[in-house]
Amino acid sequence: MNKISIILLIGFAVVFSYSFKTLKVKGEISWKSADEAIASSVKDGKPIFIDVYTDWCGWCKILDKKTFQNSDVVDYVSDNYHAVKLNPEKDGSFQFKGKDYTNESFALSHDVNSYPAIIVIHPKGKEKVYVGYRDSKSFLEILKKYKRQVD
């Protein structure tokens, strides 16, 4: 009886392990620092989207909970973009296109004066800013349209 229990336990473990690997678990956007995203973009040619937010912004929190948790958004961003969260009210600096920026100066250089804002950029391409909350459908439309323009 003991051998049968062990065999069943091993079989159950194998089946459970395989099922867990193939089960699509709700993922998250893989957020990078600005430096990491820029270096990756230069290397692989993917554009970058930057979520410009503040800690006190209610619509920013809704964007995080609804739009950025949507599985279609997570999948599309993972396959086609490098993602950055940038809070202009927090310390941080990076270099982009040969210029030094702080988080605040980068947001200001893109005329971001309300939140949330999405900046889509490519080191070799054009830059575009979208201000305000976007649901997952309109957010995906923005990313797909921009990607077509830089490809």
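From the N terminus on, the elements of the protein chain follow the order α-β-α-β-α-α-β-β-β-α-β-β-α. In this predicted model, that order comprises 6 helices and 7 strands. Among contacts with a separation of 6 or more, 67% join residues 24 or more positions apart. Of the 151 residues in the chain, 36% count as buried. The chain exposes about 9500 Å², and carbon and sulfur atoms supply 55% of that area.

Turning to charged side chains, the count comes to 5 salt bridges. One of them pairs Asp55 with Lys90, at 3.0 Å from N to O. Asp55 sits in the loop between strand S2 (48-52) and helix H3 (58-67), while Lys90 sits in the loop between strand S3 (82-86) and strand S4 (93-96), so this bridge ties together parts that are 35 residues apart in sequence.

Lys97 counts as partly exposed at 45% relative accessibility, and Glu127 is partly exposed with a relative accessible area of 31%.

Lys147 and Asp151 also meet through their side chains in a salt bridge, with 3.0 Å from N to O. The two partners make a pleasing contrast: Lys147 counts as buried at 14% relative accessibility, because the cut-off for buried is under 20%, whereas Asp151 counts as exposed at 63%. Elsewhere, Asp51, Asp64 and Lys85 are linked in a network of salt bridges.

Finally, a patch of positive charge is worth a look on the surface, where Lys126, Lys128, Lys144, Lys145 and Arg148 gather. Helix H6 (residues 136-150) provides the largest share of this patch, with 3 residues. Lys145 is located in helix H6 and, at 45% relative accessibility, counts as partly exposed.

Note on methods. Residues are numbered from 1 along each chain as its sequence is written. This is a predicted model: local features need pLDDT of at least 70, side-chain atom pairs count only at pLDDT 80 or more; totals for chains, interfaces and linings use all residues. Side-chain values use heavy atoms; hydrogens and water are left out. Patches are made of residues with over 30% relative accessible area and no salt bridge: like charges are joined within 9 Å, nonpolar side chains (Val, Leu, Ile, Met, Phe, Trp, Tyr) within 5 Å. Accessible areas come from the Shrake-Rupley method with a 1.4 Å probe; for residues, only the protein chains shown count as cover. A salt bridge is a side-chain nitrogen of Lys or Arg within 4 Å of a carboxyl oxygen of Asp or Glu. Lys and Arg count as positive and Asp and Glu as negative; His and the chain ends are not counted. The place of a charge is taken as NZ of Lys, CZ of Arg, CG of Asp or CD of Glu. Helices (H or I, at least four residues) and strands (E, at least two) are DSSP runs, numbered from the N terminus. Buried means under 20% relative accessible area, exposed over 50%, partly exposed in between (1.4 Å probe, protein chains only). Contact means heavy atoms within 4.5 Å.
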